[in-house]
Amino acid sequence: MSDLKLGAVESRFAEIIWQNEPVASGALVKLCEKELSWKKPTTYTVLRKLCERGIFQNENGIVSSKIKKDEFYAMQSEQFVEETFKGSLPSFLAAFSKRKSLSKSDIEEIEKMIQAYKED
């Protein structure tokens, strides 16, 4: 999956699906009308595009995710690190921590993650 980037509106739409899945396509239209002020054709157009990208599926009028929310954002993060920092997590962390201080609990959590990887 190469295109994991979602625009702001696509992200809001995806959140609606993830929060309500599985959801009937008709119910999704009503949710999008309420939440996004969309008309039916807009909902189906954006849904079709995200289905073509492999993120969601619409089978027999039931919309569900092919990629769960947590997995999607993990994949998106991996893609960002790969594209921006040539896959180097240390380079990403160095850049991130230059502009934002890590709290003691952040550092402890990162240390626990590192320790867990060492044990595996």
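Pro22 is located in the loop that connects H1 with E1, where helices (H or I, at least four residues) and strands (E, at least two) are DSSP runs numbered from the N terminus. A cis peptide bond, with omega of about -10°, joins Glu21 and Pro22. The model is predicted, so local features need pLDDT of at least 70 and side-chain atom pairs count only at pLDDT 80 or more, whereas totals for chains, interfaces and linings use all residues. Residues are numbered from 1 along each chain as its sequence is written, and side-chain values use heavy atoms, with hydrogens and water left out.

**Backbone geometry**

- Most residues other than glycine have a negative phi, and most peptide bonds are trans.
- Ser37, in the loop between helix H2 (25–36) and H3, has a positive phi near 60° and is a residue other than glycine.
- Asn60 takes a positive phi near 55° in the hairpin of E2 and E3, which has two residues between the strands.

**Sheet**

- Three strands form an open sheet in the order E1-E3-E2, with antiparallel pairing; two strands pair if DSSP finds at least two bridges between them.
- Strand E1 (23–24) and strand E2 (56–59) each have a single partner strand and stand at the edges, so one side of each is left without a neighbour in the sheet.
- Two bridges pair E1 with strand E3 (residues 62–65) in the antiparallel sense, and Ala24 has Ile62 in E3 as its bridge partner.
- Helix H1 (residues 8–20) packs on the sheet, touching E1, E2 and E3, and its direction makes about 60° with that of E2; contact means heavy atoms within 4.5 Å.
- Helix H3 (residues 40–52) also packs on the sheet, where it touches E2 and E3, and its direction makes about 115° with that of E2.
- E2 and E3 run antiparallel and are joined by four bridges; Gln57 stands opposite Ser64 in E3.

**Helix packing**

- H1 and H3 pack with their axes 11 Å apart, at an angle of about 85°; axes are lines fitted to C-alpha atoms, for helices over the stretch in contact, and angles run from 0 to 180 degrees between N-to-C directions.
- H1 and H3 are therefore roughly perpendicular to each other, a term for angles of 65 to 115 degrees, with those under 35 counted as roughly parallel, those over 145 as roughly antiparallel and the rest as oblique.
- Glu10, Phe13 and Ile17 of H1 make the contact with Thr43, Val46, Leu47 and Leu50 of H3.
- The contact of H1 with H3 has five nonpolar, one polar and one charged residues; Ala, Val, Leu, Ile, Met, Phe, Trp, Tyr, Cys and Pro count as nonpolar, Asp, Glu, Lys and Arg as charged, and the others, Gly among them, as polar.
- Helix H4 (residues 69–85) packs with H5 at an angle of about 85°, their axes 9 Å apart, and H4 and H5 are therefore roughly perpendicular to each other.
- Phe80, Val81 and Phe85 in H4 meet Leu89, Ser91, Phe92 and Ala95 in H5, a contact of six nonpolar, one polar and no charged residues.

**Largest pocket**

- The largest pocket holds about 490 Å³ of space.
- Its lining has 14 residues, of which Leu89, Phe92, Leu93, Ile110 and Met113 are the closest to its centre.
- Helix H5 (89–99) and helix H6 (104–119) are the elements that give two or more residues to the lining of the largest pocket, and H6 supplies the largest share, six residues.
- The lining of the largest pocket divides into ten nonpolar, one polar and three charged residues.
- On a 1 Å grid over the protein atoms alone, a pocket is an open set of points where a 1.4 Å probe fits, with protein on both sides within 12 Å along at least five of seven lines, and lining residues have an atom within 4 Å of a point.
- Grid points are joined across faces, edges and corners, and a volume is the space filled by probe spheres set on the points.
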